[in-house]
Amino acid sequence: MFSECIKSYKEDPEKLTIHVWYTITLFVIILCMTFIGATAENNVTTNESTDGFICIWSMFIFSAITAYGYFAMMKWEEEFSLGCFMGLCTMAAQYTLILFAHFTGASKKVNTDGDGVVAAFSFIVCLLYIYFTYLIIKNRKYFIASLKENADQKENGNGKEKQNQSQDQASNYEQGHVT
């Protein structure tokens with residue numbers, strides 16, 4: 001069963017990328033729940049409100065990134081929106097790494113369980129964002145509408161002149177030149 005799943009992901013990298021995104025979304029929801037718990041625990045056990053602010057602010061950031069990711073990959077399917085999303089995923093990976101470092105230090109300084117849980121989930125989400133960023137950069141042609149149309153035209157074999165123009169655009173895009 002596991003080998004069949006890996007084989008299906010090799011045949012359809014778009015499916016793998018979307019499933020990793022759904023996994024990230026699930027872990028972000030869990031991370032937001034741990035943010036709420038850590039905020040409540042820090043407000044009760046310590047007089048420090050900095051960690052609570054970081055948690056609430058991070059919930060807003062991750063909610064915005066998750067919503068933008070859905071629209072960039074599933075609805076808009078344009079080069080610019082996907083490029084912005086790739087940058088957002090890179091920044092989210094860095095942000096979760098910073099959260100991991102901060103809450104690891106906070107859990108050692110103030111003996112609370114919530115900070116350690118936030119640190120652990122932040123590290124897991126960081127690794128997932130790094131992997132997803134790699135996947136979305138590698139498989140970006142599956143999420144851009146103009147490049148999807150090129151693949152459909154190649155399969156159908158109609159529109160030779162339009163196909164040549166689209167192939168030029170696709171090759172320019174692959175080389176990093178957007179026309």
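Let me begin with the conventions. Residues are numbered from 1 along each chain as its sequence is written, and side-chain values use heavy atoms, with hydrogens and water left out. Because the model is predicted, local features need pLDDT of at least 70 and side-chain atom pairs count only at pLDDT 80 or more, while totals for chains, interfaces and linings use all residues.

I turn to the helices, which are DSSP runs of H or I with at least four residues, numbered from the N terminus. Two packed helices are described by the angle between their axes and the distance between the axes. Here, axes are lines fitted to C-alpha atoms over the stretch in contact, and angles run from 0 to 180 degrees between N-to-C directions.

How do α4 and α5 pack? Helix α4, residues 79–109, and helix α5, residues 113–138, pack at about 160°, with their axes 8 Å apart. The crossing of α4 and α5 is left-handed, meaning that the near helix is turned anticlockwise from the far one by less than a right angle. By class, their contact has 21 nonpolar, seven polar and one charged residues. In this scheme Ala, Val, Leu, Ile, Met, Phe, Trp, Tyr, Cys and Pro are nonpolar, Asp, Glu, Lys and Arg are charged, and the others, Gly among them, are polar.

Helix α5 also meets α3, residues 50–76: their axes come within 14 Å and cross at roughly 25°. These two helices are therefore roughly parallel to each other, and their crossing is left-handed. On the α3 side, Asp51, Phe62, Ile65 and Met73 meet Asp115, Tyr129, Phe132 and Ile136 of α5, where contact means heavy atoms within 4.5 Å. The residues of this contact divide into six nonpolar, no polar and two charged.

Next, the loop between α5 and α6 (145–156) holds asparagine 139. Is asparagine 139 buried or exposed? Asparagine 139 is buried, at a relative accessible area of 5% (buried is under 20%, exposed over 50%, partly exposed in between, with a 1.4 Å probe and protein chains only). Leaving aside neighbours within four places in sequence, asparagine 139 is in contact with Pro13 and Thr17.

Finally, alanine 40 lies in helix α2, residues 13–45, and is partly exposed, with a relative accessible area of 41%. Its C-alpha atom is separated by 7.6 Å from that of glycine 52, twelve residues apart along the chain.

Technical notes. Angles under 35 degrees count as roughly parallel, over 145 as roughly antiparallel, 65 to 115 as roughly perpendicular and the rest as oblique.
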